[in-house]
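My notes follow in the order I made them.

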Amino acid sequence: MDRQQMAAFLRSRRARVQPADVGLPRGTRRRTPGLRREEVAQLAGMSVDYYIRLEQGRGPRPSRQILGALARALRLTDDERAYLYALAGEAPEPPSGPSQDVPAGIVHLLERLDDTPAYVLNARQDIIAWNPLAAALMTDFAAMAPHDRNVVRWLFTGRDIERYGADEYVTQFARGLVADLRAASGRYPGDAGIARLVAEVAGRSALFARLWDEGEVGIRRGSRKRMTHPVVGELEMHCDVLYVPERDQRVVLYTTTPGTPSHEAMKLLRVVGTQDLSIR
């Protein structure tokens, strides 16, 4: 345990957090920026004396429970949490669940891609951000409940899965999707959302249950995809996946080869715009 480094780190993180960030009134007579020591102790559920000793570099080695409470009280990022655990000589706890917070830079990227359908997935395969052309290609995501914007649930309870085994695109996509979800379940062993998703879809799809039981693990990467749009017709597309490692998210991009009928159909789709479509 590096007591002096931990003390300095705790002081710097405490100074960064404002009372309003954690639901506390600012009050008056604050001599230093950020939270008071007693406020951190209260938020973390520990004695003020114990926290003061940690900040002074003379406290005992904190338990994993204390480290987790400090990380929550100080609103640490995943990287900061891992650093705190390392200072205490502990392996970091796994993240509690997939992040729903899309970085601002990724949101701006989606806005600039006006000729490329693109959306963002978290590790649970929830679609958490998208651009207008993705909605035009697939469906009006904004009209859907967040619960329904899940690719696993979407595929295995929809009509496309009926082509499993006969259509190589659907077959590869389905197998890769299940393998990716199983990998995510290993990264987030305590996430109730993944457990509920697996139980629900397995109860509704015998194929999903069988693929899940096979135990295949893998990270979904680029592929080719074929889709029939009700207005612009058939499209053959490259499906590329860009990873956002700090949030464990991925940006999915659909592109077509210039000079092909699919490329012309994609240009027409920009004109058609978002419609109330059932295609997945």
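**Entry 1: Arg53 and Asp49.** The side chains of Arg53 and Asp49 form a salt bridge, with N to O at 3.3 Å. I count a salt bridge when a side-chain nitrogen of Lys or Arg is within 4 Å of a carboxyl oxygen of Asp or Glu. Both residues sit in helix H3 (residues 48-55), four residues apart, so about one helical turn separates them. Helices (H or I, at least four residues) and strands (E, at least two) are DSSP runs numbered from the N terminus. Arg53 is partly exposed at 26% relative accessibility. Asp49 is also partly exposed, at 46%. My cut-offs are buried under 20% relative accessible area, exposed over 50% and partly exposed in between, with a 1.4 Å probe and protein chains only.

**Entry 2: ground rules.** The model is predicted: local features need pLDDT of at least 70, side-chain atom pairs count only at pLDDT 80 or more, and totals for chains, interfaces and linings use all residues. Residues are numbered from 1 along each chain as its sequence is written, and side-chain values use heavy atoms, with hydrogens and water left out.

**Entry 3: other salt bridges.** How many salt bridges does a search of the whole structure find? I get 25. I looked up two more of them.

Arg270 pairs with Asp114, the closest N and O atoms being 3.7 Å apart. Arg270 lies in helix H12 (residues 261-272), while Asp114 is in the loop between helix H6 (104-112) and strand S1 (118-121), so this pair ties together parts 156 residues apart in sequence. Arg270 is partly exposed, with a relative accessible area of 44%. Asp114 is partly exposed at 49%.

Glu236 forms a salt bridge with Arg224, and their closest N and O atoms are 3.5 Å apart. Glu236 belongs to strand S4 (residues 233-244) and Arg224 to strand S3 (residues 223-229), so the link joins parts twelve residues apart in sequence. I note Glu236 as partly exposed at 28% and Arg224 as partly exposed at 40%. I then followed shared partners. They join Asp160, Arg163, Asp167, Arg224, Arg226 and Glu236 into one network of salt bridges.

**Entry 4: domains.** The domain assignment gives domain 1 (3-88) and domain 2 (104-272). These bounds come from an automatic or database assignment. I get 40 Å between the C-alpha centres of domain 1 and domain 2.

**Entry 5: H4 against H5.** Helix H4 (residues 64-73) and helix H5 (residues 78-87) pack at about 145°, with their axes 10 Å apart. Axes are lines fitted to C-alpha atoms, for helices over the stretch in contact, and angles run from 0 to 180 degrees between N-to-C directions.

Which residues meet here? From H4 I list Arg64, Leu67, Gly68, Leu70, Ala71 and Arg72; from H5, Arg81, Leu84 and Tyr85. Contact means heavy atoms within 4.5 Å. The residues of this contact divide into five nonpolar, one polar and three charged. In this scheme Ala, Val, Leu, Ile, Met, Phe, Trp, Tyr, Cys and Pro are nonpolar, Asp, Glu, Lys and Arg are charged, and the others, Gly among them, are polar.

**Entry 6: H2 and Ala41.** In helix H2 (residues 37-44), I find Glu39, Val40, Ala41 and Ala44 buried. The buried residues of H2 pack against helix H1 (3-16), H3 and H4. Gly45 follows H2 and has a positive phi, near 70°.

I picked out Ala41. Its relative accessibility is 0%, so Ala41 counts as buried. Leaving out residues up to four places away in sequence, Ala41 touches Met46, Ser47, Val48 and Tyr51. Ala41 and Val151 are 110 residues apart in sequence and 42 Å apart in space, C-alpha to C-alpha.

**Entry 7: Asp180.** Asp180 is in helix H9 (residues 168-187). Is Asp180 buried or exposed? It is buried, with a relative accessible area of 0%. Leaving aside neighbours within four places in sequence, Asp180 contacts Gln125, Gly218, Ile219, Arg220 and Arg250.

**Entry 8: Trp154.** Trp154 is in helix H8 (residues 151-156). Trp154 is buried, with a relative accessible area of 8%.
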